[in-house]
Amino acid sequence: MATAFDRSGDSPTLAQLRAAHVARTRVELIRDYQVSLQLRASIEGTGSYLPERVLDNFELERMVDTNDQWIMERTGIRERRIAAAHETTSSMAVEAGKIACADAEIDPAELDLIILATITPDQLVPAAACLVQDALGAKRAAAFDLNAACTGFLYASNVAAGMIGSGMHQRVLVIGSETLSRFTDYTDRNTCVLFGDGAGAAVFTARRDGRGVLYSKIYADGEHAKLMQIVGGGSARPSSNATVDARQHYLRVAGRHVFKFATNIFVQLIEETLAACGLAFEDVAMVVPHQVNERIIDAAMRKLGMPAEKCFVNIDRYGNTSAASVPIALDEARRQGRLNPGDTAILLGFGAGLTWGATVVRM
Ligand SMILES: CC(C)(COP(=O)(O)OP(=O)(O)OC[C@H]1O[C@@H](n2cnc3c(N)ncnc32)[C@H](O)[C@@H]1OP(=O)(O)O)[C@@H](O)C(=O)NCCC(=O)NCCS
């Protein structure tokens with residue numbers, strides 16, 4: 001799928017395409033030329049931030065009735081990061097955003113939109129994205145939060161791609177940032193082993209050279225909203241002594257149900273994405289999935305018949321960081337040289353809502 005023009009910043013001319021595709025028909029040449037000229041949201045830079053404090057399985061053994069072996073076997077998680085008292089979702093988002101902007105060689109003042117995907121904003125009002133906008137000095141950028149749980153980065157990339165494709169925005173910073181430790185019940189062994197804190201970011205800019213988002217699709221099914229939820233603190237059950245006493249400000253998960261959903265949806269997303277884009281497994285350099293559970297990822301890759309090494313996994317070090325997990329993994333994949341300019345990657349996520357979605361991007 002890669003063409004000789006993927007690394008250049010300019011649109012290829014018809015003459016260049018003709019030279020590279022001498023054997024192809026005139027119809028194919030014209031189609032390629034038109035596709036190559038489409039305005040696309042290209043990932044120009046990425047960044048991530050993980051708090052220093054490590055919470056490993058042995059420390060959890062001292063907090064709840066669990067053990068390292070159970071957690072490793074059932075989830076693949078060895079340790080996760082926990083934000084320091086002074087750190088927040090917006091402060092981690094700022095750090096990841098700064099690195100992504102530097103990587104893209106863009107001054108934050110040039111951004112025209114910031115989308116922060118999170119389920120753990122600093123406070124209900126205002127949007128944490130506005131705090132990020134201020135801290136980055138991104139004075140020209142509009143800013144909003146987006147809540148699609150673990151699918152947050154996929155939803156936000158979809159919006160960014162649409163905004164850029166329509167010509168409405170040119171430089172969009174998409175961030176996934178979560179401080180899940182503040183909403184995790186460390187007396188509940190069913191959930192406290194799963195989650196961690198962190199932030200990942202990507203700068204999308206408008207390009208017409210064939211790079212960028214080739215495909216993006218997002219879904220929701222609110223019928224299963226209760227599978228993962230924080231019931232306290234919203235307008236339905238405002239914070240009160242009673243909601244605090246009932247521990248309703250913590251994330252609750254119906255793990256076994258989510259496990260089944262996640263395994264099936266992973267396979268479905270990859271199959272429909274490949275079909276929609278006319279891609280074969282061999283065309284995909286890397287699958288970057290939401291880091292939900294290593295068993296889910298392994299089972300899905302086996303079912304698809306895709307080699308495990310085509311899938312980026314870092315859940316052992318960070319656990320599930322919800323909206324931050326895909327951009328952190330994407331950033332690590334790029335920095336480790338596992339995703340390079342011209343490569344095609346499938347990013348995918350699924351989570352509370354229920355929500356799920358996938359994005360295909362040519363780097
Ligand atoms: C949570 C998850 C790891 C549990 O693994 P599982 O193999 O499905 O385990 P089960 O739910 O069948 O529970 C098996 C037993 O382990 C116990 N258990 C749960 N957590 C445990 C822990 N941390 N340590 C030890 N035992 C634990 C359960 O109580 C259960 O005991 P029981 O059979 O006596 O009731 C797995 O279901 C999962 O990863 N689900 C998706 C995670 C998720 O929802 N993420 C958020 C949204 S993306």
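Modeller: Here we go through the ligand shell, the sheets, a helix and some backbone details.

Modeller: This is a predicted model, so a caution comes first: local features need pLDDT of at least 70, side-chain atom pairs count only at pLDDT 80 or more, and totals for chains, interfaces and linings use all residues. Residues are numbered from 1 along each chain as its sequence is written.

Biologist: Let me start with the ligand. How many residues surround the ligand, and which are the closest?

Modeller: A residue is near a molecule if its C-beta atom, placed from the backbone, lies within 6 Å of it. Here 20 residues surround the ligand, and the closest are Thr 66, Arg 189, Gly 255, Val 258 and Asn 293. The elements that give two or more residues to this shell are α4 (68-75), α8 (189-192) and α10 (255-277). Those names follow DSSP runs, numbered from the N terminus: helices are H or I with at least four residues, and strands are E with at least two.

Biologist: What kinds of residues make up the shell around the ligand?

Modeller: We sort them into classes: Ala, Val, Leu, Ile, Met, Phe, Trp, Tyr, Cys and Pro count as nonpolar, Asp, Glu, Lys and Arg as charged, and the others, Gly among them, as polar. In this shell there are ten nonpolar, seven polar and three charged residues.

Biologist: Now the sheets. In what order do the strands of the five-stranded open sheet come?

Modeller: Two strands pair if DSSP finds at least two bridges between them. The order of this open sheet is β1-β7-β6-β4-β5, and its pairing is mixed. At the edges stand β1 and β5 (142-146), each with a single partner strand, so one side of each has no neighbour in the sheet. The twist averages 20° from one strand to the next; for such angles, axes are lines fitted to C-alpha atoms, for helices over the stretch in contact, and angles run from 0 to 180 degrees between N-to-C directions.

Biologist: Which pairs of residues could I look for?

Modeller: Strand β1 (residues 40-49) and strand β7 (residues 197-207) run antiparallel and are joined by nine bridges; Gly 47 has Ala 201 in β7 as its bridge partner. Strand β6 (residues 171-179) is also antiparallel to β7, with nine bridges, and Thr 179 stands opposite Asp 197.

Biologist: And what is the order of the four-stranded open sheet?

Modeller: That order is β8-β13-β12-β11, again with mixed pairing. Its edge strands are β8 (212-220) and β11 (286-289), each with a single partner, so one side of each is left without a neighbour in the sheet. Strand β8 pairs with strand β13 (residues 355-362) in the antiparallel sense over eight bridges, and Tyr 219 stands opposite Trp 356 in β13.

Biologist: Is helix α7 mostly covered or mostly open?

Modeller: A residue is buried if 20 or more other C-beta atoms lie within 10 Å of its own, exposed if 12 or fewer, and partly exposed in between, with C-beta atoms placed from the backbone. Helix α7 is mostly covered, as twelve of its 14 residues are buried; among them are Phe 153, Leu 154 and Met 163.

Biologist: Last one: where can I find a cis peptide bond?

Modeller: Look at omega. The bond from Val 125 to Pro 126 is cis, with omega near 0°, and Pro 126 lies in the loop between β4 (113-117) and α6 (128-136). Another cis bond joins Gly 353 and Leu 354, with omega about -10°; Leu 354 lies in the loop between β12 (344-351) and β13.
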